Amino acid sequence: MEFLFHNVRELVDLANKEQKLISEIMIEQEIIITGRSREEIMEQMDRNLTVMEEAVEKGLKGVHSKSGLTGGDAVLLQAYMQKGNTLSGELMLDAVSKAVATNEVNAAMGTICATPTAGSAGVVPGTLFAVKNKLNPTREQMIRYLFNAGAFGFVVANNASISGAAGGCQAEVGSAAGMAAAAIVEMAGGTPEQSSTAFAITLKNMLGLVCDPVAGLVEVPCVKRNAMGASNSLVAADMALAGVTSRIPCDEVIDAMYKIGQTMPTALKETAQGGLAATPTGKWLEAKIFGGSVVGSGN
Amino acid sequence: MKFKSVFDIIGPVMIGPSSSHTAGAARIGRVARDLFGKQPTWAKIHLYGSFAETYKGHGTDIAIIGGLLDYDTFDERIKTAFEDAEKAGLTFEFIPETAHTEHPNTARIVIGDGHQEMSLVGISIGGGKIEITELNGFPLRLSGNLAAILVVHEDRSGCIANVANCLAKYDINIGHMEVSRKEKGNMALMIIEVDQNVETHILEEIGALPNITQVTRIAD
């Protein structure tokens with residue numbers, strides 16, 4: 001089994017050489033590696049897209065987690081948007097609310113599609129269903145959005161990390177936001193190089209992001225970080241489409257993220273021992289949810 | 001390349017809230033059940049690292065039990081796995097450990113049913129992907145993503161060749177293979193990851209080969 005690409009440079013070069021979309025390169029690699037038919041692969045991604053769609057819809061109706069820490073914010077955002085007086089614009093807030101909706105469903109133990117993880121599952125669908133209203137893609141183009149995002153996630157997962165426990169939140173929401181940015185660019189008609197630039201700009205802006213979930217739950221700050229990831233990806237996609245370039249090549253940004261993750265203290269990698277989890281309120285919430293005493297906390 | 005398929009990145013479809021702590025945990029539990037070959041009646045689950053720190057909030061515990069009940073990552077019954085286990089006659093205990101392990105998300109699952117006992121160590125490497133790193137004291141590396149078969153056999157010459165020949169006869173390609181043994185001439189273990197699913201009659205044929213004790217298929 002031979003992979004068509006191992007890093008973003010190879011991916012972009014191949015797309016340019018063969019005059020194909022990045023999503024197409026990802027589909028072709030999937031066919032080669034798994035031996036499955038194109039039809040089968042497209043159908044599976046179609047099903048994943050449906051799961052994402054249903055999670056967004058469910059979240060926009062309002063869900064709450066068992067702990068009570070998260071829920072209902074997607075509803076608040078949609079109601080706010082309907083007043084028509086937003087500061088950051090309708091598409092931006094739509095993406096944010098749909099990202100939040102997905103992660104509220106996730107926190108409530110609902111059904112979601114990990115992209116690339118569950119904690120970061122809101123960014124890719126959130127941006128997709130917001131951009132959809134502007135670009136009016138076909139179903140196939142929406143499926144391609146996910147393959148483009150998947151191609152970049154594939155590189156990060158194999159060359160760095162997509163897990164908060166291994167690399168901090170930069171590896172989870174950072175990767176998800178970069179993936180979304182790259183996919184937005186392709187859907188908006190940008191070049192493979194611009195997809196790569198959008199990924200690089202996004203991830204650069206999320207480097208160093210720690211994973212510090214309060215009470216160890218995928219709720220605070222995870223849900224709101226998906227909102228930040230979604231907005232970050234839209235801005236970066238616009239920058240790339242405007243012709244802004246990244247001085248540091250995409251693969252080097254990914255490598256930098258990996259090395260930052262390796263040197264990040266364990267307390268800031270999903271252990272709920274540092275950052276927001278170790279604040280007095282974070283500790284108080286933990287004690288409230290799981291019982292026990294807060295004495296001796298901050299270990 | 002640890003991640004081979006795009007669906008390792010855009011996927012799995014799963015019950016929240018955490019791909020590594022919930023979906024990965026369910027998969028480790030399910031592989032344990034597959035290897036055990038039947039429903040266990042008891043389980044002792046040791047959790048290490050981040051699993052030990054945060055398992056309650058992530059539903060890692062109900063996900064592992066769900067896996068032991070043969071539930072997939074997206075099976076909504078994961079939410080009621082504890083109650084379902086009681087109905088299925090499975091008693092269980094979770095033991096958070098403080099020992100340091102190589103990977104932050106590690107679980108050791110010991111299961112049995114009064115006749116047999118099995119111990120397995122699994123790690124959740126992110127995005128719902130897992131690896132099995134130890135089985136009954138044998139160190140190994142099994143990704144749980146490819147179809148695989150497990151062959152317990154006597155440590156005699158020719159065993160490995162016989163199994164490989166049988167797979168070759170049915171045009172089944174071996175993607176990864178590991179062989180280990182406890183002591184020379186004693187019990188040994190083959191873990192064979194294959195590109196195609198191995199049908200039951202092929203397993204039976206392998207099981208009938210000389211010095212083979214047990215053959216188990218691990219679902220794709």
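How exposed is A:Arg38, in terms of relative accessibility? At 35% relative accessibility, A:Arg38 counts as partly exposed, where buried means under 20% relative accessible area, exposed over 50% and partly exposed in between (1.4 Å probe, protein chains only).

The model is predicted, so that local features need pLDDT of at least 70 and side-chain atom pairs count only at pLDDT 80 or more, while totals for chains, interfaces and linings use all residues. Residues are numbered from 1 along each chain as its sequence is written, chains are lettered from A and ligands numbered from 1 in the order in which they are written, and side-chain values use heavy atoms, with hydrogens and water left out.

A search of the whole structure finds 24 salt bridges over all chains, a salt bridge being a side-chain nitrogen of Lys or Arg within 4 Å of a carboxyl oxygen of Asp or Glu.

| Pair | N to O distance |
|---|---|
| A:Arg9 and A:Asp13 | 2.9 Å |
| B:Arg30 and B:Asp72 | 3.5 Å |

B:Arg30 lies in helix α1 of chain B and B:Asp72 in the loop between α3 (60-68) and α4 (81-88) of chain B, so this pair ties together parts 42 residues apart in sequence; helices are DSSP runs (H or I, at least four residues), numbered from the N terminus. In chain A, salt bridges that share partners join A:Glu24, A:Arg38, A:Glu140 and A:Arg144 into one network, and A:Glu24 counts as buried at 11% relative accessibility.

Conventions:
Helix = DSSP H or I, 4+ residues; strand = E, 2+ residues; numbered from the N terminus.
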